Amino acid sequence: MTVQTERPPSGPTDVVKTDGRPGDTGKPRERARSLAPYLLLLPAIAATLVFLGWPLVNNGILSFQNLNMRQFILHLTEWNGIDNFKEVLTGEDFWRVTGRSIAFTAVNVVLIMLLGTLIGLLLARLGKRMRTLLLVGLILTWAMPIIAATTVYQWLFATRFGVVNWVLDKAGWHSMADYDWMGSQFSTFFVVIVLIVWQSIPFVAINLYAATTTIPKELHEAAALDGAGAWKRFKNVTLPYLRPFLYATTFLEIIWVFKAFAQVMALNEGGPDRLTEILPVYAYIEGMGNQHFGMGAAIALLTIVILLALTSFYLRIVLKQEEDEL
């Protein structure tokens, strides 16, 4: 006698979750996991809004006011619309300083990227001891405070007791014994450029050296076996790996150099005769120096707009080059 047992259902069985309840899809838990990255970003977003967004909003409000010491002391608010922007944009000084700032940024960034890249490649070729020694020197340079470094450069290029003038005098250029490096526009800019390039090279060099460590050694060995020389290996092997790092580092250097306020202000306060002012210094002198705070706020806001335009133009070029390569 045969006993017929019940056949199990052929359809899909209910999925039992970890909580033991059948049919639980686990959507709340998945939703919580998807929201976790955004929750982790909340502190950084809040700090950005408080410490960057709120001052930017206040600066924008001030740019539409006629605010000087009288209004500041009496707590008066005098709105003048876009008069501050009209006065700035119709004046020759703003456009002269803007052109000077762009040229100043371009010269600095080209020198920084060129020298920083060469030193980064040198780090990759040096032995362990020499590489460590050079890295220590770069890190100490990078860690030096901006005002302290500017003070050292003031001593180096001092007129009577500066080391640079003394060395040039001993080397045969006796006319440079008492040369005033802060007495002309070009010589002052030369000192500022040397200072900024010296401060910026460590960042680029260390980044590029770190990028070279990601390049597989097998690629260089294969290129060498194929008869490629040093230049071809650099062009076809090293450079493609370094290109994203070069793009990102150049972008950061454009921003850092364009807003180089402390070096110019501490070295010579935009002198002589305001011939070395760049936009951040120009905004400070017009706002704080001349006590026209609304005008200074308008210049600062326009400086941000110009910087965003420059960086957007650079990013557009980079993205177009990447599309052409693809």
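# A walk through helices and salt bridges

Start by selecting helix α8 together with helix α11 (residues 261-268): their axes come within 10 Å and cross at roughly 140 degrees. That angle makes α8 oblique to α11, where oblique is what remains once angles under 35 degrees are taken as roughly parallel, over 145 as roughly antiparallel and 65 to 115 as roughly perpendicular. The axes here are lines fitted to C-alpha atoms, for helices over the stretch in contact, with angles running from 0 to 180 degrees between N-to-C directions. Helices themselves are DSSP runs (H or I, at least four residues), numbered from the N terminus.

Before you go on, keep in mind that this is a predicted model, where local features need pLDDT of at least 70 and side-chain atom pairs count only at pLDDT 80 or more, while totals for chains, interfaces and linings use all residues. Residues are numbered from 1 along each chain as its sequence is written, and side-chain values use heavy atoms, with hydrogens and water left out.

Back to the helix pair. α8 passes α11 in a right-handed crossing, meaning the near helix is turned clockwise from the far one by less than a right angle. Now show side chains: T188, V191, V192, L195, I196 and Q199 of α8 make the contact with Q263, V264, L267 and N268 of α11, contact being heavy atoms within 4.5 Å. Colour that set by class and you get six nonpolar, four polar and no charged residues. For the colouring, Ala, Val, Leu, Ile, Met, Phe, Trp, Tyr, Cys and Pro are nonpolar, Asp, Glu, Lys and Arg are charged, and the others, Gly among them, are polar.

Stay on α8, which spans residues 185-212, and click I193. Is I193 buried or exposed? I193 is buried, at 17% relative accessible area (buried is under 20%, exposed over 50%, partly exposed in between, with a 1.4 Å probe and protein chains only). Leaving out residues up to four places away in sequence, I193 touches F104, V107, N108 and L111. Draw a C-alpha to C-alpha distance from I193 to V107: it spans 8.1 Å, although the two are 86 residues apart in sequence.

Next, select helix α4 (residues 92-125) and helix α10 (residues 230-258), which pack at about 140 degrees with their axes 10 Å apart. α4 is therefore oblique to α10, and this crossing is right-handed. Among the α4 residues in the contact are F104 and N108, and the α10 side includes F234 and E253. By class, the contact of α4 with α10 holds 12 nonpolar, seven polar and one charged residues.

Last stop: the charges. How many salt bridges does the structure hold? There are five, each a side-chain nitrogen of Lys or Arg within 4 Å of a carboxyl oxygen of Asp or Glu.

- Select R274 and E277: their closest N and O atoms are 2.4 Å apart. R274 is partly exposed at 35%, while E277 is buried at 2%.
- R274 sits in the loop between α11 and α12 (279-289) and E286 in helix α12, so the pair ties together parts 12 residues apart in sequence.
- Move to R70 and E78, with closest N and O atoms 3.6 Å apart. R70 is partly exposed at 48%, and E78 is partly exposed at 28%.
- Finish on E92, D93 and R96, linked in a network of salt bridges.

How values were computed: Helices (H or I, at least four residues) and strands (E, at least two) are DSSP runs, numbered from the N terminus.
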